Amino acid sequence: MVVLRQPLRRTVIVIGGALLFLIAYWTKARHQSSIGWRIRPRVAKVTMLYGKPNALYERAIRSHQRHAKHWGYPMHVLREDIAVGFWNKPSYLFSLIVRELTKPAPSRMEWLMWVDADSIIVNEVIPVEIFLPPSDLTDIHLVAGRDQNGLNTGVFSLHVHPWTVSMLAETLGYPSYRPEVDLSRSADQEAMARVLNKREGGPDGQGYKDGVVYLPRPWINAYGWLHGYEGQKRSLLVHFPGLEDQRWEHMARWLDAVEAYPAQWRVPLEETWYLNETTHFWTGIRHAKRPVAAAEEELRYSNPANRTKLEEELQELRTAIREITDTPELLLQQIDELDAVREFN
Ligand SMILES: [Mn+2]
């Protein structure tokens, strides 16, 4: 064994340590840049679990933590009951959005992704950035999915932006300023759905509708039912809404399967349909946003006689963008119709 003198040994340790750090950093950077993401994460994940200890929810949250760790997403877990009734989720999100906004822009997260504690990550090597608008689409502030009851807030993403502060403030205030409305059981979800549908008020007087994009819900929020799974083997996660007491058995079965054979569920993004489908989805929206921006500009100088028609067509294209999930063919049709009206201006 070579015996090094004290100062030399220290130098060797320092240089060795620095080299190891560089190698680790380089490996991570290579790993992440292979699909084009920046090294600093732009998304944090958020969930909550409080009250009576529940081992299944804890295991579900651990699946989200593994996913977060894999991609370097910070993860926030609310552990205290902070609000009366059903308002913990929007209250916590409100606090986190405000906290991010108090930081200088370069060190903020850009998005927060909410995940319910009754959802389990199935394929932890799927990054969530593919479900968020590319950074040139700056006027989208909420990405969610819908089911037969409308908006589902079990899994959805919020833009770190003043728009979101207003939207959450209105959601939290909903029972106070609309006490006559029966929000039924999922009061926070119902209140948010109603706020998102508003056409007046909000940050620019136009409500919140145009800041929302609905993507095919099973991409981010595939349901596990009593007799099956809405997703596929390569899907991101499974969520168990509305199963009541049968939820436990199903959660246990899924957790056992995912924890026992983790490698079997990890299918890299490149080998899933996700990459193509999501790229296609955002390209479609980008394609439609361009004529919207152009028409908005033209509206300012347009001939008053044509104004109403142009405004109408513009509104229809905005709706088509929001509804792209349900009626993708409508998007192209509306782009054509808006173009036709623009030619007369
Ligand atoms: Mn849920």
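**Close-up 1. Packing of helix H10 against helix H11 in the predicted model.** Helix H10, spanning residues 304-322, packs with helix H11, spanning residues 328-343, at an angle of about 160 degrees, and their axes lie 9 Å apart. Because angles over 145 degrees count as roughly antiparallel, H10 and H11 are described as roughly antiparallel to each other. The crossing that the two helices H10 and H11 form is left-handed.

**Close-up 2. Residues in the contact between H10 and H11.** On the H10 side the contact is made by Lys 309, Leu 310, Glu 313, Leu 314, Glu 316, Leu 317, Ala 320 and Ile 321, while H11 contributes Leu 330, Leu 331, Gln 334, Ile 335, Glu 337, Leu 338, Val 341 and Arg 342. Sorted by class, the contact of H10 with H11 comprises 10 nonpolar residues, one polar residue and five charged residues.

**Close-up 3. Ser 184 in the loop between helices H4 and H5.** Ser 184 lies in the loop that runs between helix H4 (162-177) and helix H5 (187-196), and although Ser 184 is not a glycine, its phi is positive, at about 55 degrees. Ser 184 counts as exposed because it has 9 C-beta neighbours inside 10 Å, where the cut-off for an exposed residue is 12 or fewer.

**Close-up 4. Glu 244 in the loop between strand E10 and helix H7.** Glu 244 is found in the loop between strand E10 (237-239) and helix H7 (247-260), and its phi is near 50 degrees, which is a positive value in a residue other than glycine. With 7 other C-beta atoms within 10 Å, Glu 244 is exposed.

Definitions and conventions
Residues are numbered from 1 along each chain as its sequence is written. This is a predicted model: local features need pLDDT of at least 70, side-chain atom pairs count only at pLDDT 80 or more; totals for chains, interfaces and linings use all residues. Helices (H or I, at least four residues) and strands (E, at least two) are DSSP runs, numbered from the N terminus. A residue is buried if 20 or more other C-beta atoms lie within 10 Å of its own, exposed if 12 or fewer, and partly exposed in between; C-beta atoms are placed from the backbone. Axes are lines fitted to C-alpha atoms, for helices over the stretch in contact, and angles run from 0 to 180 degrees between N-to-C directions. Angles under 35 degrees count as roughly parallel, over 145 as roughly antiparallel, 65 to 115 as roughly perpendicular and the rest as oblique. A crossing is left-handed if the near helix is turned anticlockwise from the far one by less than a right angle, and right-handed if clockwise. Two residues are in contact if their C-beta atoms, placed from the backbone, lie within 7 Å. Ala, Val, Leu, Ile, Met, Phe, Trp, Tyr, Cys and Pro count as nonpolar, Asp, Glu, Lys and Arg as charged, and the others, Gly among them, as polar.
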